[in-house]
Amino acid sequence: MSDSAKITLATAWLDGCSGCHMSFLDLDQRLIELAEKVDIVYSPIVDTKELPRDVDVGILEGAVSTEENLQVARRFRERCKFLISLGDCAVSGNVPSMRNTFDLDDVFDRAFVETVQTQPGRPTESLPTLLRTVVPIHHVVNVDLFVQGCPPSADTIWYVLTELIAGRTPDPTQLTRFGA
Amino acid sequence: MPGPPVTTSTGMKVRVVTLKINEHDIGARETDSILDVAQANHIRIPSLCFLEGLSTWGACRLCVVEIEGYPRPVSACSTTVSEGMVITTHSDRLKRYRRTILELLFAERNHVCSVCVSNGHCELQDLAAECGMDHVRVPYRNQPYAVDSTHEMYRVDHNRCVLCTRCVRVCDEIEGAHTWDVMGRGIECQVITDMNQPWGDSSSCTSCGKCVQVCPTGALVKKGTAAGEMEKHDEFLPYLAQMRGNR
C-alpha cells in the first residue's frame, strides 16, 4: 500500500542493458532504508503494470531507440515532477546510438539475419518500430537531472536519491562521469 | 613598469613583468604565455591541444581567458603576458564557453567513453568532468569516420580524433619524421599519414609511437588494447624537447 508521506518513485529502462537498474539493486542493504522513505510505484523491479498519474521522481535508464521508448519517455515527463536521466545511454545515447552511423536495413539484417543460425529472418510482429536515429532522453523531453556513468555506481545513485529525499537538488558530477 | 632584464639559460635577456591572475599578483618573464605563467603558479586553466614540449597550436580554445580591456577572450596558450595584465580564468562566461566547446567536440564524432580503449585515461573525458559537461545539448552528428588498422603496432580511429594535432607536431618537431599532417576543412578535416596513404604503407613512419603517447583521446592507440586498457605516457616529451633545443 502506498504511504502518502513517502516520496513516490517510478523507473523504466528504455534502450539500455538494465545495468543501471542492476546498479540500483547494488544499493543492497540500503534498499531497506530507502523503502522506509520511498514508495516505488512503477518499475521493472516491482509488479505494477501502469505508471500512476502523479509521481514525485521518475528515473529513466537507456536511450530512445523505438516508438515505444518515445511514448514511455513522454509519459514519464507528463507524470513525474522530477525526471532523471540515469546512465550514459539515457544521457548521451551511448552504445545503442552507435547504430546511428549504419543504415537501418543493415542494422536489421545484422541483428536478425547475419548473426542468427536458427530461422534467420526479420520479425514481422511484436517489435516496436525502430527510430531512424537513437537519441538521448533530453533530446525528446526535458530532463531535470543528468547522472552519467556506465553504469553510475550504487553510491552515486544513493547520493542522488538521499539528496532528493532531503529536499536538495543533487550535483552528481563530482561522483561520476561519462564511461565511469 | 617592466622589471629589470634577467638572463635566461640561453643567454637571452628577458624582462620581468607583473600581472594579476584571478586577483593574485604574479611576476613572470615577458616571453611566457599566460598558460605557462598560470601553470607555474599552480593556477589551473583547462587545455587540450597544448602540450609542454611541443609548439603552440591554439586550436582547441579551451584555455580561453579574459583580460581586462580586451574586447573578447583570448587563448592562454598563445598569448604572451605583458605588464599590468589583469586576467580572469574562470568567469561564468568562460565556463559556459568551455562547456559549449566540449559539447561540440562530443557531438561531432563518436566519443562514447564506455567502450573506448582510453576510457578512464582520456583527457577529453577528464575535461568533460572538470568543466561540468554532463550532457550534450546540440544534436549528435552521427557521421562515421575511417579506422586505419594497417600499421602493425598502432591504430588510428578518426571517430575519436579531436584534431588537436599533437601527433602532427610531435612527429615533426621531436621525431623529425613528419609522417602526420592535416587534410581537408571543417567536418572533413582529418589527420593523415604521408600523402593520405594507409599508415601501414607509410615510408616515413619510424613506428616510434610518440604520436600514440601524446594523443589525448582514444584516436591513436596501441593495437590489442581492450576498453579502458590504453594508458598513455607523455612524460618523455619535455626532456626530449629540451635535448633537441640544446643541439
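Which residues have the most contacts inside the largest nonpolar core? In this predicted model, they are B:Cys63, B:Cys167, B:Cys211 and B:Leu220, within a core of 64 residues. The element that gives the most to this core is helix α4 of chain B (residues 166-175), which supplies five residues. Both domain 1 (5-90) and domain 2 (109-238) of chain B are represented, with at least three residues drawn from each. Leaving aside residues up to four places away in sequence, B:Cys211 touches B:Cys167, B:Val170, B:Cys171, B:Trp180 and B:Leu220. Another core lies apart from the one described above and has 36 residues, including A:Leu9, A:Ala12, A:Ala63 and A:Val134. In soluble globular proteins, nonpolar side chains tend to be buried together.

Helix α6 of chain A (residues 154-165) was examined for its length and its buried residues. Buried positions in α6(A) are A:Thr156, A:Ile157, A:Val160, A:Leu161 and A:Leu164. These residues lie on the same side of α6(A), because the arc they cover around the axis is only 125 degrees. The cover over the buried residues of α6(A) includes both helices and strands of chain A: α1 (19-25) and α2 (30-37), together with β3 (55-61), β5 (80-86) and β7 (145-147). Just after α6(A), A:Gly167 adopts a positive phi of about 85 degrees.

Conventions
Residues are numbered from 1 along each chain as its sequence is written. Chains are lettered from A and ligands numbered from 1 in the order in which they are written. This is a predicted model: local features need pLDDT of at least 70, side-chain atom pairs count only at pLDDT 80 or more; totals for chains, interfaces and linings use all residues. A nonpolar core is a set of buried Ala, Val, Leu, Ile, Met, Phe, Trp, Tyr and Cys residues joined through C-beta atoms within 7 Å. A residue is buried if 20 or more other C-beta atoms lie within 10 Å of its own, exposed if 12 or fewer, and partly exposed in between; C-beta atoms are placed from the backbone. Helices (H or I, at least four residues) and strands (E, at least two) are DSSP runs, numbered from the N terminus. Domain bounds come from an automatic or database domain assignment. Two residues are in contact if their C-beta atoms, placed from the backbone, lie within 7 Å. The arc is that of the directions from the helix axis to the C-beta atoms.
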